[in-house]
Structures are given as structure tokens and as C-alpha cells.
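Here are my notes for you, written as numbered points. Keep the viewer open and look up each spot as we reach it.

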Amino acid sequence: MRRLLPILLTCMAACAAPSSREKGGLVPLELDEASLSSAYQPRRMALLVGISSFDDPRWQGLRYTGKDARDLAAAFRDPARGRFDQVRVLTRPEETTRDAILAALRRLKKEANRPDDVVVVYFSAHGTLARDARGELRRYLVTKDASYRNIPQTALSMDALKAEFDGLASRRRLLVLATCHSGSGKSLLPKELKAELAGIKAGFYARPLEESSRASMVFAACDWGETAREDESLRNDIYTHFLIDGLGGAADRNGDGAVTATEAHDHARRRTFAFTEGRQRPSAEILEVGADPVVLSGSITRTGRPELFSYNPRLDGFTLKVDGEPRTELPGGAAVTPGKRTVELTKGDAILMRREVDVGEGARLPLERLLAEAFPRRSLSLLGGMFSFVDARSRAELLPLSPEVALSLRLEDQPLQDFGLLFDVAFSTGRRALQLTPGSELPFRYTTFSVGTALPYLWRWNRLTLFAGPRVAGLYLRRSFDVDAASQGQRYFTVSPGVVGGVVWRVGERLELTTQAQLMLTYVVVDGQGQAVGFTGGWAGAGYRF
């Protein structure tokens, strides 16, 4: 006990003295700001695959696929160009089997786990087509262990590749496919499939089904049905050669010091098209392009010139003109001088759009936005549906569920962006009967007429528009009863608040399908007694944009 007393007194003194060890006190930590910043710095990562040799001798070897991957890796690792933090190259036989590639993609998924990471996945390989177990035509990448006679079970399907790629956490991801599925060049087809496709009229056949990728960007060395080629003079895949060339700065069209993925692709696309004399047209599937582009080389050191661009397949083949001068054929983009510009989209003598726009330095303007603003924002719809009071008592004493027709006028982005003005009129007439007592009915003729206006908010995704908001409507209801050879009438008129909601689906540039529903609250007098009731209507029909 005597030995424990000094220890106990010492502990009590330590607890009583103010220090950083007080219970509940703050413990100061010295953190290295540079280390902390580095820990949260977005990383730049690439997985590059070149498959040149195959176990099955019926797949002919490729000369430059391994060199393609290594040359692109050198550009990405170069401190003066890509400055990538991690570049993994798979070219050895044991690295290019189907399982090894899938394992590498899953490893990349674990490593690239931040939304701001820049991730590039590249394949230089044979492509092929085959029918899966359900008989549907699918695209495949030929891995080292792919069997010519058993493609679906041994090759890497595009569905599987895109599924792994879509699983990446990064919002800045790019998939580059230096391959094709045409049956020539960097592609081979089984004899049975080649004979089947050759028998189709004019050689055209449906594009294979596959899941649409949610990837930010997918670049392909050629368009569907074309041939991707290697070239002996370039000692590379042609598209890959010009893609690497663009990373040196030649593709920096807006002059901001950085080469983005779209700039590099456009540079490679134009030069590939010229080099092959139009036989190979690289393509792009771009679902997310905005103010935060994927930078592949250099860094943004200054504000660049404004850019106009589009990668929408619907605009493929249109020419972008600025101030009357042709700038590029879409898909693609062009940098322009800041200020007020006249922008046109043309094909031959036809003019799809002509607009005056004021673009400032550093702006990136999708042409789809200009098109959306250029096309009419008004729609007139003819609708049919039903009118009904909400509560059972009103349906029994006033009017049962009744059909009606309506005309609706919608103005988009009025009075504010993403809002609309909605005007509608509806009419209904016919005969109904009130159930006075069991087995006793009182027939009557009715007429309803309503006029409504609403201010809904608009949510738009491509061809789909959802809208919802407050509505005010005036309702007129007239009933005529034939009693003892005399006609007795009742009239009601009320102004009611409520809400409206609906869905619009554009099936063409002018035609749309629409549905609309509203719920209103009103006050009526029945047999001398006032009551608050709700009424609703649901309509569907077709509209014309003008």
C-alpha cells in the first residue's frame, strides 16, 4: 500500500494540472500540408493493352499492337506531355488472356476509386463478331486464348468490357478501341458468319446489340462496318499514331496549353480520314462533356478560345460554319474567336440551324444546346381523357366520371429558364343519371367547360420532358333535368387552385406524345348547401411543336 500511494498522488497531480492530456481536451496535430494535398490530388491512370499473338493459329498475328500500347504509354509517362501517375502496359502472352485482362480491369477499379481520377483504358487488338447463345449478333475483342470456333465463351465481349469499365468510380474516363469488326484489317470473322453476311442484300446488316455504355467517352479507330488498319510506314495502328501525335500539342485547338480527349480524338480523326483517303473514319460515343474535360496531355495554363462542338450521332455529316466559313464536319469541334458569331449547321444546300451567339473566352458550347434553343419551344396538343370529382358524394350528387376532350398550349422556358407556361381548355357533354334511391334514377344532360393556366417546372432529358407545378382553373358545370315535361337547369361556376403534372415524349422534330393530370380544389353549392370538393382530370394525346 505504501508503494502505491506515491504513484496514486502522482497520477492525481497529473490529472489536475492543465495539459494536452486533459480528458476531453484537444490534441494538436502537426500535418504536412503538401502531404495532405497530395493525398486528395486526383490521379491519372492508364491501362494499355496490345494483343499481337494468339493460341489459335486461325487468328492471324498483328504486327504493331504491342508497339501501339508501348508508344502510347511513353506519351502518357512523359513529364512534358501526359504526366500520368500510373501506366500499366499489358502486351506479354500471359497478360493478354481474357481472364488476365478482366483481372487487370478489376484491379484498376480498386485503385481508381475517386470521382476526379482521370482513367484511360486502351485496346489494340483484333475484333470479331459472333452470335451468342440466344442467336444475337455481338461484338468481341480477340484475346490471346480466344478460340476461333468458340468465340462467345472464350473472347472478351464488348458487353463484359463495358460493364467493367462502367464500374469505375471516375467521372473522367476514356475507353479507346483500336480495333474493328468488319471482317478485314484488324478483324476476322468466322467463315459461317462471313457467308451469312455476304448473302444479305447490298452487304448491309444490323449493328450488333450491346448494352449502351455509361462511360464518359468511348473512342473507336473506325466507324461501324469499316476497317481499322495498321500501316508499315507509320509502324503503328493508323488512328493510334495520330492520337499520340496530337498529345504533343498539335491537337490543342483552343490554345489553353492542354490537350483534352476530344481535341486529341478530333486531331486523330481528321488525319486518319485523310491518310486513308476516306476509308477509315474514327468515331466517338461521348455522354458526358462539360466544363470539366478529360485532359490527356499538358495542363491548362491560360484561358482558351471558345469551342463549339457536337458528338451526337444525329448530327453526323453536318458541316459547322462560323460566320459563313466552313470550320469542321461533325462529329467534332472547332475553336472560334470570342465575340458575336453566326453559327450554322448545314448539309449540302440544306440549313438545319442558323443562330447568332455571343461566346466568351474559355466557353465550351455544345451545338445540341444551340439546336434546342433554335427549335420552337411551343407545343399545341389535342388530348382526350376523363373528368371526375374526387369524392364519392360529389360523383353521386353532381356528376359521375365523364369523358372529355382538351386542347393544351405549352410554352417552354417562359417566363424563366426551365419553367413553362401551360394553357388548356377542356369540354365535355353527354347524358348521365343520378341514383336517387335503389332502383330509381333521375336522368340529366350535362355540359362541363374548364379553362386552366399553370406555371410548371420542366425536367428535360434528351427527348423526355417532365413537368409539374401550380395551376389555377375556372370550371363551368351545367345540368338539365327533364321533370314532368318541364326542363329544370342548374349552373355552377367556380375558380379553383390546384396542381398539374405531366410527361412529354418527342417522337420527332415536331411531333410529341403527352400526358397530363391535374388535381383541383373548389367550392360548390348543392341543394342550398355549400361544400368543398376536389375534381381531377387525366388526359393523353399528341402535340405539334411550332
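**Notes on the model**

1. Let's begin in a loop. R83 sits in the loop that runs between α3 and β2 (86–90). Its phi is near 55°, which is a positive value in a residue other than glycine. With 37% relative accessibility, R83 counts as partly exposed. Bear in mind throughout that this is a predicted model.

2. D323 is another residue to look up here. D323 is not a glycine, yet its phi is positive, at about 55°. You'll find D323 in the loop between β15 (319–322) and β16. At 42% relative accessibility, D323 counts as partly exposed.

3. Now for the peptide bonds. L330 and P331 are joined by a cis peptide bond with omega about 5°, and P331 lies in the loop between β16 (325–329) and β17 (332–335). The bond from Q414 to P415 is also cis, with omega near 0°. P415 has its place in the loop between β22 (402–412) and β23 (420–437).

4. Time to zoom out. The protein has 546 residues, and 46% of them count as buried. Its secondary structure comes to 11 helices and 29 strands. If you take the contacts with a separation of 6 or more, 64% of them are between residues 24 or more positions apart. The accessible surface is about 27600 Å², and carbon and sulfur atoms account for 56% of that.

5. How do α8 and α9 cross? Helix α8 (residues 238–250) and helix α9 (residues 261–275) have axes that come within 8 Å and cross at roughly 135°. That angle makes α8 oblique to α9. The crossing of α8 past α9 is right-handed. On the α8 side, the residues that meet α9 include Y239, F242 and L247, while those in α9 include H265, R269 and F275. The residues of this contact divide into 9 nonpolar, 4 polar and 3 charged.

6. α8 also has a contact with α3. The axes of helix α3 (residues 65–77) and α8 come within 10 Å, crossing at roughly 10°. The two helices are therefore roughly parallel to each other. Here D68, D71, L72, A75 and F76 in α3 meet T240, I244 and L247 in α8. Sorted by type, the residues of this contact are 5 nonpolar, 1 polar and 2 charged.

7. Is T448 buried or exposed? T448 is found in strand β24 (residues 440–454). It counts as buried because its relative accessibility is 2%, and the cut-off for buried is under 20%. Setting aside neighbours within four places in sequence, T448 is in contact with L399, E404, A426, F427, S428, Y476 and L477.

8. S394 belongs to helix α11 (residues 392–397). At 1% relative accessibility, S394 counts as buried. Leaving out neighbours within four places in sequence, S394 is in contact with F389, L399, Q531 and V533.

9. Last stop: R369, in helix α10 (residues 367–374). R369 counts as partly exposed, at 44% relative accessibility. R369 and S310 are 59 residues apart along the chain, and their C-alpha atoms are separated by 9.6 Å.

Notes: Residues numbered from 1 in each chain as written. Predicted model: local features only at pLDDT ≥ 70, side-chain atom pairs only at ≥ 80, totals over all residues. Heavy atoms only, no water. Helix = DSSP H or I, 4+ residues; strand = E, 2+ residues; numbered from the N terminus. Buried < 20%, exposed > 50% of the residue type's maximum accessible area, 1.4 Å probe, protein only. Contact = heavy atoms within 4.5 Å. Areas by Shrake-Rupley, 256 points an atom, 1.4 Å probe, with all protein chains shown as cover. Axes fitted to C-alpha atoms, helices over the stretch in contact; angles between N-to-C directions. Parallel < 35°, antiparallel > 145°, perpendicular 65-115°, else oblique. Left-handed = near helix turned anticlockwise from the far one by under 90°. Nonpolar A, V, L, I, M, F, W, Y, C, P; charged D, E, K, R; others polar.
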